[in-house]
Amino acid sequence: MLETNQEPVWLTIFRLLRWHKPEGRLILMIPALWAVFLAAAGKPPLPLVGVIILGTLATSAAGCVVNDLWDRDIDPEVERTRDRPLAARTLSIKVGIAVGIISLFCAAILAYYLNPLSFWLSVAAVPVILLYPGAKRVFPVPQLVLSIAWGFAVLISWSAVTQNISQATWLLWGATLLWTLGFDTVYAMSDREDDRRIGVNSSALFFGDYAPLAIGIFFLGTIICLTWLGVAIHLHLAFWITLGIASVGWIWQVLRLRQPQLPNPAYGEMFRQNVWIGFIVLAGMIFGSL
């Protein structure tokens, strides 16, 4: 039954799309911006940057709606998600489906601006986005599926500039995949008890007591991929400075994760720190390419 909603419908939809929590939208945008600036040697066409930004916003909006439609009956059992509009029944399923379709339609319109390779990569990403929420029910490390979805942002954005996929593209893809596995495992650690109780999978549960070690390996792999990429495309000093800053941030997070009885809000805090780390690396990529 749909509960009485005291807030305007537009505001409820705003919350459904998670636009009141911009860090989740920005962290998808970061790999796409990494790719478009690196592929264009720091000087991509501004209209293309605009399309990439709007495309990531539309795609992440669709992903949020799809996720909440899948999880509308289990989100009420999780402390962090019980107030989401579909879980709290403050928004109907029909409205949720309509918002999701509109979001995908907006993403499709933006994809038409891209070249054929980038367009079809965008199409290929859709099944991953639609099926990711179901992965937590059948796959022990659903964060890997999310990471693959994140990786499409790199492939689409890079090919939008160059019309091809190169070794450098795959190095950035690998860095994005590993970084996403790292920060989303951190994020999943706050839900471990709820996920275990309701019977859904997560990388935090899969790795158990070794989750901090796994996160450390993922961040180390990210550093290695970015280092290899920087050497391969001859990035300048600014990139190496920002990669050093990022490395210190990731090491500090892993050391903190090893502390016993870390309070739950700390995991969300570290997730948000990764947004800043991502933008710091982006700045180094831009200035290191010029």
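## Basis of the assignment

Helices are DSSP runs of H or I with at least four residues, numbered from the N terminus. The structure discussed here is a predicted model. On that basis, Gln163 lies in the loop that separates H6 from H7.

## Overall architecture

The chain contains twelve helices and zero strands, so that the order of elements from the N terminus is α-α-α-α-α-α-α-α-α-α-α-α. Its radius of gyration is 19 Å, close to the 19 Å that the globule rule gives for 290 residues, and the chain is therefore as compact as a globular protein of that length. The C-alpha trace spans about 60 × 50 × 30 Å along its principal axes.

Of the 290 residues in the chain, 54% are buried. Where contacts join residues at least 6 apart in sequence, 75% of them link residues at least 24 apart.

## Surface and charge

The accessible surface of the chain amounts to about 13600 Å², and carbon and sulfur atoms contribute 70% of this area. The chain carries 19 positive and 17 negative charges, whose mean positions are 4 Å apart.

## Helix H6 and the residue that follows

Helix H6 comprises the 21 residues 142-162. At 1.5 Å a residue H6 should span 30 Å, and the 31 Å between its end C-alpha atoms agrees with this. H6 is mostly covered, with 16 of its 21 residues buried.

Just after H6, Gln163 adopts a positive phi of about 65°, although Gln163 is not a glycine. Most residues other than glycine have a negative phi. Gln163 counts as exposed because its relative accessibility is 56%, where the cut-off for exposed is over 50%.

## Asp184 in helix H7

Asp184 belongs to helix H7, which covers residues 167-188. Its relative accessibility is 8%, so Asp184 counts as buried, the limit for that class being under 20%. With residues up to four places away in sequence left out, Asp184 touches Tyr132, Gln143 and Leu146. Among these partners, Gln143 and Leu146 fall within the range 142-162 of H6.

## Arg89 in the loop between H3 and H4

Arg89 is located in the loop between helix H3 (46-70) and helix H4 (93-111). Like Gln163, which has a positive phi of about 65° without being a glycine, Arg89 is a residue other than glycine with a positive phi, here about 60°. The relative accessible area of Arg89 is 26%, and this residue is therefore partly exposed, whereas Gln163 is exposed.

Methods:
Residues are numbered from 1 along each chain as its sequence is written. This is a predicted model: local features need pLDDT of at least 70, side-chain atom pairs count only at pLDDT 80 or more; totals for chains, interfaces and linings use all residues. Side-chain values use heavy atoms; hydrogens and water are left out. Helices (H or I, at least four residues) and strands (E, at least two) are DSSP runs, numbered from the N terminus. The radius of gyration is taken over C-alpha atoms; the globule rule is 2.2 Å times the number of residues to the power 0.38. Buried means under 20% relative accessible area, exposed over 50%, partly exposed in between (1.4 Å probe, protein chains only). Contact means heavy atoms within 4.5 Å. Accessible areas come from the Shrake-Rupley method with a 1.4 Å probe; for residues, only the protein chains shown count as cover. Lys and Arg count as positive and Asp and Glu as negative; His and the chain ends are not counted. The place of a charge is taken as NZ of Lys, CZ of Arg, CG of Asp or CD of Glu. The expected span of a helix is 1.5 Å times one less than its number of residues.
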